[in-house]
Amino acid sequence: MEHPFITARDVDVFYGDKQALFGIDLDIQAKEVTALIGPSGCGKSTFLRAINRMNDLIPICRMTGQLEIGGQDIHAPAVDVVALRAQVGMVFQKPNPFPKSIFENVAYGLRIHKMTSNKTELADRVEWSLKSAGLWDEVADRLDEPGNGLSGGQQQRLCIARTIAVQPKVILMDEPCSALDPIATAVIEELIDGLRKDYTIVIVTHSMQQAARISQKTAFFHLGKLIEVGDTETVFTNPTQEQTQNYITGRIG
Amino acid sequence: MIDFGKSAGFNLAARHRAEKRFQWAGRFAILISLAFLVIMVGSILSDGVGVLKRTEIAVPLDLGPEAIDPDDVAGASTLKILKSGLRDAFPDVTKRKDKKALYGLVSPEGSFEIERQISTDPTLLGGTRVLWLTASDDLDLFLRGKIDPNLPERQRRISDQEIEWIEQLQETGQLRRVINWKFLTNGDSREPEIAGILAALVGSLFSLAICFALSFPLGIGAAIYLEEFAPDNRFTQIIEININNLASVPSIVFGLLGLSVFLGYFGMPRSTPLVGGMVLALMTLPTIIIAGRAALKSVPPSFKQAALALGATPVQAVFHHVLPVALPGMLTGSIIGMAQALGETAPLLMIGMVAFVVDVPQSILEPATALPVQIFLWADSPERAFTEKSAAAIIVLLVFLISMNLIAILLRRKLEQRF
């Protein structure tokens with residue numbers, strides 16, 4: 001088996017006195033989609049936000065244990081959280097384009113990281129990102145229109161385009177389709193499946209059908225513990241744990 | 001058949017009545033406040049309209065070489081010329097007391113006006129010329145019917161004799177009413193007919209400029225730091241409580257602070273717009289900080305999160321995405337603070353901006369007064385004509401305020417992103 005890209009060892013996360021995650025050991029393979037499933041409040045989003053250290057923004061939140069991405073401990077003193085987040089992109093539950101034009105939304109990350117040297121290069125990268133997110137054909141003639149004038153599904157694809165513009169290694173997705181209708185959801189799922197060949201994707205989802213459709217690995221969380229992880233097909237058809245069985249058949253959660 | 005009324009629960013009619021009652025109460029409240037507003041503006045306007053024009057008297061003056069040496073115009077006594085001109089116009093006035101009353105028809109400023117008119121147009125020299133000079137405030141009031149001639153003579157400011165002269169002047173067309181630009185171009189004066197608002201207006205403008213230059217960057221900076229970066233600990237909580245308290249501190253306290261610290265300790269020049277602006281800035285800061293924080297708080301946190309998740313530093317996230325959205329709101333708060341500062345009198349009294357300022361200040365280090373202080377000074381003056389002046393000054397203050405708000409609205413509209 002190849003070396004995992006993200007490894008979590010004995011990860012505990014606390015919100016003040018309350019412990020949200022208990023000793024998570026999880027390996028995430030490169031260029032695969034790993035789905036984190038489990039009932040609300042089980043800690044799957046907390047784990048996701050630990051990967052790009054977004055939890056740092058919550059003053060009372062603290063983490064112990066070890067989290068490595070590509071062999072680098074992300075809590076090592078030498079690791080700059082800003083640089084980390086440039087490599088580990090995130091797509092949020094609710095589409096949150098910046099209150100700027102479609103073009104500026106995608107160009108923002110390129111601008112702050114000075115990833116392009118001139119205007120044409122910038123425009124090319126924006127076009128490439130929008131094409132990769134499957135949005136180009138819909139917005140090509142109105143790039144200077146506001147980003148939040150798009151439909152919900154388009155906005156979410158814009159957020160994905162914004163994220164992949166800076167070419168991260170990992171894309172974290174926190175229930176990216178929960179605010180979308182089934183058609184938009186299907187478009188995004190197809191997109192995620194296409195992105196898999198270039199990016200390591202970790203997705204939190206409430207929809208087990210979604211997890212089954214798009215992920216190669218599935219990790220089931222319950223009450224802050226990682227109950228089971230494995231190939232998606234195995235987890236859904238032949239889970240080793242009874243709790244997993246109960247959850248995917250709808251008895252708990 | 002369904003009885004909707006029955007299934008909708010108890011006493012539907014009473015609930016609808018309550019609804020109506022509340023709406024009418026609201027309309028009534030708005031009506032009352034509108035009525036008061038109309039009364040206030042109406043009375044100010046009707047009082048202030050008298051300042052629009054002033055009265056001038058045409059006086060034939062001997063400007064010949066024996067009265068004024070053309071080589072030494074400054075050395076001539078224009079007052080003497082004015083007096084003799086008036087005596088010649090009314091040759092039958094002989095008694096000393098009557099002469100004095102006669103001279104009083106023209107404003108004490110009249111002799112200076114002669115000087116100015118000669119210096120702007122030297123061709124006037126060399127013979128008898130008729131010059132238009134500003135009349136006294138009492139004459140002006142009488143002409144506009146503000147002094148009742150039917151009152152007993154001792155109870156009015158203008159005597160029967162003077163009325164006779166005025167009527168005589170009117171018959172010969174020696175009186176005219178002209179637009180009173182002097183009100184907008186002069187400084188203060190003891191004589192209401194020539195007192196103007198410009199010194200106070202410029203003083204207010206300078207003070208506000210200083211106030212804005214100090215309080216806006218400081219206030220916005222403090223708001224951004226406290227809202228977006230400061231750790232939430234006891235120290236910042238104490239600061240927050242104190243800022244909220246400062247916003248409700250009576251303004252005269254800030255004036256006292258300015259008096260003891262800026263004037264007393266640092267020895268800055270008193271009565272100047274610089275110190276006035278600094279004191280007003282102290283007063284305005286808490287308002288700007290509180291409004292700024294509220295505006296920042298109302299920005300959805302998702303923008304900041306999205307920027308951070310892209311690898312923006314916290315400062316980049318705030319300045320690129322939070323601040324542009326919050327800026328219009330911050331601006332509104334600042335303008336409210338500035339409007340308060342514009343109308344503030346008490347702190348300016350404490351630092352000596354209550355001075356009688358005739359000359360329009362040329363810099364922030366020259367003694368000045370401010371519009372509200374000027375209104376206070378004029379309202380306090382015994383001359384009746386000053387009542388009109390205060391009303392007119394209030395109009396100027398309101399126009400100033402409205403144009404300031406207008407600029408703010410335009411600015412905000414420009415800054416407000418369409419998306």
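Trainee: Which residues of helix 4 of chain A meet which residues of helix 6 of chain A?

Mentor: Please note that the model is a predicted one. In helix 4 of chain A, the residues A:R125, A:V126, A:S129, A:L130 and A:S132 take part, and they meet A:A161, A:I164 and A:A165 of helix 6 of chain A. Sorted by class, this contact has five nonpolar, two polar and one charged residues.

Trainee: At what angle do the axes of helix 4 of chain A and helix 6 of chain A cross?

Mentor: Helix 4 spans residues 119-132 of chain A and helix 6 spans residues 152-165 of chain A; their axes cross at roughly 130° and come within 8 Å. Angles over 145 degrees would count as roughly antiparallel, and those from 65 to 115 as roughly perpendicular. Helix 4 of chain A and helix 6 of chain A are therefore oblique to each other.

Trainee: Is the crossing of helix 4 of chain A with helix 6 of chain A left-handed or right-handed?

Mentor: Helix 4 of chain A passes helix 6 of chain A in a right-handed crossing.

Trainee: How do helix 9 and helix 12 of chain B pack?

Mentor: Helix 9, residues 198-229 of chain B, packs against helix 12, residues 273-297 of chain B, at an angle of about 35°, and their axes are 6 Å apart. The crossing of helix 9 and helix 12 of chain B is right-handed. The residues of this contact comprise 22 nonpolar, eight polar and four charged.

Trainee: Do strand 3 and strand 8 of chain A run parallel or antiparallel?

Mentor: Strand 3 (residues 33-37) and strand 8 (residues 200-204) of chain A run parallel and are joined by four bridges. At one position, A:L36 stands opposite A:V204 of strand 8 of chain A.

Trainee: How many bridges pair strand 1 with strand 4 of chain A?

Mentor: Strand 1 (residues 6-15) and strand 4 (residues 61-69) of chain A pair over eight bridges in the antiparallel sense. A:R9 stands opposite A:Q66 in strand 4 of chain A. Strand 4 of chain A also pairs with strand 5 (residues 72-73) of chain A, in the antiparallel sense over two bridges. There, A:I69 stands opposite A:Q72 in strand 5 of chain A.

Trainee: Which residue takes a positive phi in the hairpin of strand 4 and strand 5 of chain A?

Mentor: The residue is A:G70, with a positive phi near 55°; this hairpin has two residues between the strands.

Trainee: What is the strand order of the open sheet in chain B?

Mentor: The open sheet of three strands in chain B has the order 2-1-3, with antiparallel pairing. Its edge strands are strand 2 (128-134) and strand 3 (175-179) of chain B, each of which pairs on one side only. Neighbouring strands of this sheet are turned by 35° against each other on average, direction ignored. Strand 1 (residues 53-62) and strand 2 of chain B are joined by seven bridges, and B:P60 has B:V130 in strand 2 of chain B as its bridge partner.

Trainee: Which helix packs on this sheet of chain B?

Mentor: Helix 5 (residues 110-120) of chain B does so, touching strand 1 and strand 2 of chain B, and its direction makes about 125° with that of strand 2 of chain B.

Trainee: How many residues of chain A are in contact with chain B?

Mentor: The contact involves 24 residues of chain A and 17 residues of chain B. On the side of chain A, helix 2 gives the largest share, four residues.

Key: Residues are numbered from 1 along each chain as its sequence is written. Chains are lettered from A and ligands numbered from 1 in the order in which they are written. This is a predicted model: local features need pLDDT of at least 70, side-chain atom pairs count only at pLDDT 80 or more; totals for chains, interfaces and linings use all residues. Two residues are in contact if their C-beta atoms, placed from the backbone, lie within 7 Å. Axes are lines fitted to C-alpha atoms, for helices over the stretch in contact, and angles run from 0 to 180 degrees between N-to-C directions. A crossing is left-handed if the near helix is turned anticlockwise from the far one by less than a right angle, and right-handed if clockwise. Ala, Val, Leu, Ile, Met, Phe, Trp, Tyr, Cys and Pro count as nonpolar, Asp, Glu, Lys and Arg as charged, and the others, Gly among them, as polar. Two strands pair if DSSP finds at least two bridges between them. Angles under 35 degrees count as roughly parallel, over 145 as roughly antiparallel, 65 to 115 as roughly perpendicular and the rest as oblique.
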